[in-house]
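The following note sets out numbered points on the structure shown below.

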Amino acid sequence: VGYHGRASSVVVSGTPIVRPRGQLQADNEDPWKGSVYGPSRLLDIELEVGAFVGGPTPQLGRPITIEEAEDYIFGLVVMNDWSARDIQKWEYVPLGPFGAKNFGTTISPWVVTLDALEPFRCETSAVKQDDPAPLPYLQDPNYGSYDIALEVDLTPQSSSAAATTTTIARSNFRHMYWNLKQQLVHHSVTGCNMKPGDLLGSGTISGTSQGSYGSMLELTWRGRDEIKLDGGDVRKFLKDHDIINLRGFCSKEGQPRIGFGDCAGQILPAGAYDAARAPAESKALPYKDFTLHTYWRSSCSWRVRVALAYHGFDYASKPVHLVKGGGEQHSESYRTSTNPMAQVPSLTFVDASGESHSVTQSLAIVDFLDGLALASDPHSSKCLVPRADSPEGALRRAKALEIAELINSGIQPHQNLSTMKTIKVALDPAGGAADVDGKGYVVAKIRAGLQACEKLVATSAGLFAVGNEVSIADVCIIPQLYGARRFGIDLSTYTTLLRVEKACEGLECFRSAHADAQADAELAQ
């Protein structure tokens, strides 16, 4: 059975997958009772290998033959074709899988060419094809496969930063009865003109023994059994925040080991991105002509860019180069009219009477933008600084501000250029020591701050840093992680912060505000 195709939701390893919603059979025993709408409860994986098409594009109407098929296969990746089994059950008969299969397909980052795999050619598990015997156009005179070992890891996530990974399945690509050449030939037999970049999935790769099956549906016998995890938990299907990682590699004596890289994704709750805001129509505000004085790599400017995009406010961006010519922020005109501290960001605007205003300091600007959003829509609950309209809300607000302030005053100021310059002058007044630059001090401060931040977020995080709604805490965390990477800091131990970062990457307001997406980014030296 061939499923429908689409490229839009094929994503690289590390991209979060949101639990899909769709039509579910209302009564498991009686399909005539129709369907209901809701989140999938039987979310699953499919362990597959994907093949990228290469070579010249055949003329429309000309099938690819089995003899030439290998010339059209550029290389292979490990693939997870995520599946919603309950949605699939409802739509499968009579139409076949559709919504159950189109919400996400994850692939590993490295495309391994057939030339690299040549030493690992092998027989298939079936050895020969006689049950069923292929039709003449599918008969492969060199029938075989590749010895690619495949493993499936599941890591449950909770409020604890520690998590135990369990390998729940081990399989091998050689278990596929139909090889990639035959799949490509069959896809093109009607005259479909396969093009370079087209991606074919092998289908679920399962062996014959328990533990070698390539889906949780098979591993649990349709949910009858449980998969026992090393940390004491159990699974039948995937839960929210579970991390799945599919791994593939080739190993043979006398040959270098070849790895495909991780094919990983974390499950986010249904509706996780419903609050992600598309570019909004210009709001009716008492102020106009918003201009953000910004520097692409400035953490504080970054925070304000996120807030402006989150609320859908139109604004002009005016870059202020913090390095060129000693720093444009130090000019007399900037200090006098815009920011007396000679810093970025500054948000300037005019009111209805034409009077100009300026607000500085990133947290103050974010709070100001929240207030404007509420003034334009009093019924809105979308604030980056949570509202303290209940005891729970007050606690959430305090937690979000606690994390934000830890970064704003406890980490970020230490990495400023002015701080590093002050340290260098203090340690090397004569300016002759080239190895004195203050970076060691900065790295130590960032590490200490991130360790404290990780502990805080581990106790408050849901999908985001404080619960399941984005807040000022996330707005501060994301630029800070970018800054830490600039100083060469290994972030692998900050697992909760990295999980929050992945969730934020799915929001357009964070993507558009990213430092590397700014118009002045390539201008900086």
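1. Tyr137 is placed in the loop between strand E11 (121–122) and strand E12 (145–146); strands (E, at least two residues) and helices (H or I, at least four) are DSSP runs numbered from the N terminus. The model is predicted: local features need pLDDT of at least 70, side-chain atom pairs count only at pLDDT 80 or more, and totals for chains, interfaces and linings use all residues. Residues are numbered from 1 along each chain as its sequence is written, and side-chain values use heavy atoms, with hydrogens and water left out.

2. Tyr137 counts as partly exposed because its relative accessibility is 31% (buried is under 20%, exposed over 50%, partly exposed in between; 1.4 Å probe, protein chains only).

3. A cavity is a set of points on a 1 Å grid over the protein atoms alone where a 1.4 Å probe fits but cannot get out, and lining residues have an atom within 4 Å of a point.

4. Ala51, Phe52, Val53, Tyr72, Ile73, Leu180, Leu184 and Leu200 line the largest cavity. Strand E6 (47–53) and helix H3 (180–188) are the elements that each give two or more residues to this lining, and E6 gives the most, with 3 residues.

5. Gly325 lies in the loop between strand E22 (316–319) and helix H6 (332–337). Gly325 counts as exposed because its relative accessibility is 82%. The C-alpha atoms of Gly325 and Val53 are separated by 51 Å.

How values were computed:
1 Å grid on protein atoms, 1.4 Å probe; cavity = no way out; pocket = protein on both sides within 12 Å on 5 of 7 lines; lining within 4 Å.
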